[in-house]
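Let's take a friendly walk through a protein model, looking at how its parts touch each other and what sits around its ligands. Keep the picture in view as you read.

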Amino acid sequence: MSKERIQISEALYDIMPSDYQDLVKSATYGKEDRGWKDIGTSKELIEQHSLCAGCPESMAFRYILASLPNPEDTVMVGSTGCTSLVFPMVAVHNIHSLFGNQNAIASGLKRALSVRFPGRVKDVVVLAGDGATVDIGLDMTLQAWFRQEKFTTICFDNELYANTGGQESGLMQKGFVAKMAPVGKLFDKVRLPEIARESGCHYVVNCTVSKPSLVEKVIRNAVHVAREIGPTYLQLYTPCILEIGKNSMEGLQEMRDSEKPTERFAYKEYISEPAKQLLAELAAKDKERKAAAKQLAGQASA
Amino acid sequence: MSDYRVLPGPEHFLPPAAASMGIRLPNPGEAHINGVITSEDKAYEEAARQFLMAKVPTIFPGPLVLWAWNEKAAKKATAVRHLFNTLKECVQSGQKPMLIPMPDYRPKYPKINPEVEINPNHPNLTIWHNKIDCCMFIGVHCHQANLSLKIIRGGTSCYTIAMCAQAGHEDAMLSFRDASVEKLMKLADTIKRLKGTVQPRLTSAKNGVSS
Ligand SMILES: Cc1ncc(C[n+]2csc(CCOP(=O)(O)OP(=O)(O)O)c2C)c(N)n1
Ligand code: SF4
Ligand SMILES: [Mg+2]
């Protein structure tokens, strides 16, 4: 877990494109308390993205990449959909899986990494759309949870198949009419956070990505719990502004409107007992570390 | 032995994997030229000749040498630089040696600048942009090198050389195996020795790459 491992060979430094030089010079690999506040002052682990202008998925991506506790030793697994357009621009190891297969790939990957690197912390994080997670990949999603596979599953819930033009998904709201689902959805939105809890996930959160500090907190918690205890699941509302007929600037408001207490993305959290204990321990350690750093800074300035 | 020969393209949109055409890899101490097993010494001469003949001889260092994973990688990077500097010293005016990195294997849509970096998914773009007629891969993981070499053979007339750290690449027109600092230095020495003895193809119509 250190930035020292990410170095360019000196003899060839000058021919490296500047984005790589910047990654080495000012990205936050190895920084213990990295988080969303680094955005704007350090090199981000995402270059440009090719999503629609203003797509909330792009905000979510930036916050998540800024918050991963261990990016240099993380492998992300993606699936087909709008998210997959971003991975080619991400400076974290990633694997593109066949649509829906992401949790199966991640299971094998996580196990292989623990055999190959027994002494090193390696995090695996799945990031896929709702179609991949809840419909076509539901089998793989659930089986990984049943088996207590130690990785995090993040679902970018935009409540439809965005990349293919707006088909109905299991996470779409009842009654919603989309471009390629003109009849309107006849069934309720699948209650995947509840299903995740019942399937063995130790940390489950359902929320929007309107608040970067909240995204940071849940990402860190989810990754730490998955590392030590078992599967975790985050369902993040990243509305497809294109399909719901919003302008580029309206994504944030859409998320704020949908996270009100009576709405479907009101913050919802489930933490198992062992996960609660772990998070409490981590919080205590963090507090200690910060107090020590403060003391040190005080001594230095005295 | 197979009659198939691994030659500069453009072969066609999807050239066959050379292995599927019966091309086999060299044993230690050997190399291959056009898919025919040969002595390593002969391969040094031929690689040096191809470099000295080319209008735009280019080295493509991959992630295994661009990044200082360990001391060995950093040393190899220094040897790659030495090889490039030697090449620059040994070519004639009108020839333009290049050193273009393959920092990782991301296609980096839509941001990649094919003039200054190459990726295995679209190596032909870099070759077309820079009019490269001879290139050498070094420090590229096997699977990505094979993919690139096949795309190059399919869509361009560029002569490909692989300085492979493992068992060699059958999809390159010329391949060394067990690449090391010593082998890079030896190739540089051969280029130096052959300096002035090889006529560059500066005016020939054949030197262009298809675009
Ligand atoms: C096996 C397979 N089935 C179907 C498709 C077609 N396909 C591509 S993207 C997509 C929809 C993705 O929807 P979702 O997972 O919700 O992601 P979003 O684009 O909404 O972010 C589909 C069905 C595919 N690529 N592969
Ligand atoms: S189609 Fe929708 S989800 Fe996909 S990039 Fe555009 S706004 Fe985002
Ligand atoms: Mg979707």
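Contact means that heavy atoms lie within 4.5 Å of each other. This is a predicted model, in which local features need pLDDT of at least 70, side-chain atom pairs count only at pLDDT 80 or more, and totals for chains, interfaces and linings use all residues. Residues are numbered from 1 along each chain as its sequence is written, chains are lettered from A and ligands numbered from 1 in the order in which they are written, and side-chain values use heavy atoms, with hydrogens and water left out.

**Two domains in chain A**

Chain A splits into domain 1 (32-271) and domain 2 (273-302), with bounds that come from an automatic or database domain assignment. Their C-alpha centres are 29 Å apart. Where do they touch? In chain A, 10 residues of domain 1 are in contact with 8 residues of domain 2.

The size of an interface is often given as the accessible area lost when the parts come together. Buried area here is the accessible area (1.4 Å probe) that two parts lose on being put together, summed over both. Domain 1 and domain 2 of chain A bury about 780 Å² between them, and 76% of it is on carbon and sulfur atoms. On the domain 1 side, A:Glu32, A:Ile229 and A:Ile271 lose the most area to domain 2, together 52% of what that side buries.

A:Glu32 also takes part in a salt bridge with A:Arg289, with the closest N and O atoms 3.3 Å apart. A salt bridge is a side-chain nitrogen of Lys or Arg within 4 Å of a carboxyl oxygen of Asp or Glu. The count between the two domains of chain A is 1 salt bridge. Helix H7 (residues 212-228) of chain A gives the most to the side of domain 1 that touches domain 2, with 4 residues; helices are DSSP runs (H or I, at least four residues), numbered from the N terminus.

A:Leu214 has its place in helix H7 of chain A. Leaving aside neighbours within four places in sequence, A:Leu214 is in contact with A:Cys207 and A:Tyr267.

**Where chain A meets chain B**

Across this interface, 21 residues of chain A are in contact with 22 residues of chain B. The two chains bury about 2,000 Å² between them, of which carbon and sulfur atoms give 64%. A:Leu12, A:Ile15 and A:Tyr20 supply 29% of the area that chain A buries against chain B, more than any other three residues. The rule finds 4 salt bridges across the interface of chain A and chain B. One of the salt bridges joins the side chains of A:Asp14 and B:Arg81 (2.7 Å, N to O).

**Around the ligands**

Ligand 1 is surrounded by 15 residues (each with a heavy atom within 4 Å), and A:Cys82, A:Asp130, A:Gly131, A:Ala132 and A:Ala162 are the closest.

| Residue | Part of residue | Distance |
|---|---|---|
| A:Cys82 | polar backbone atom | 2.9 Å |
| A:Asn158 | side-chain N or O atom | 3.0 Å |
| A:Ala162 | backbone N or O atom | 2.9 Å |

Which residues surround ligand 2? Among them are A:Leu51, A:Cys52, A:Cys55, A:Cys82, A:Asn158 and A:Ala162. This shell divides into 8 nonpolar, 1 polar and no charged residues. Ala, Val, Leu, Ile, Met, Phe, Trp, Tyr, Cys and Pro count as nonpolar, Asp, Glu, Lys and Arg as charged, and the others, Gly among them, as polar.

Conventions: Helices (H or I, at least four residues) and strands (E, at least two) are DSSP runs, numbered from the N terminus. A polar contact is a pair of N or O atoms within 3.5 Å; within protein, one must be able to donate a hydrogen and the other to accept it, and residues adjacent in sequence count only if both atoms are side-chain atoms.
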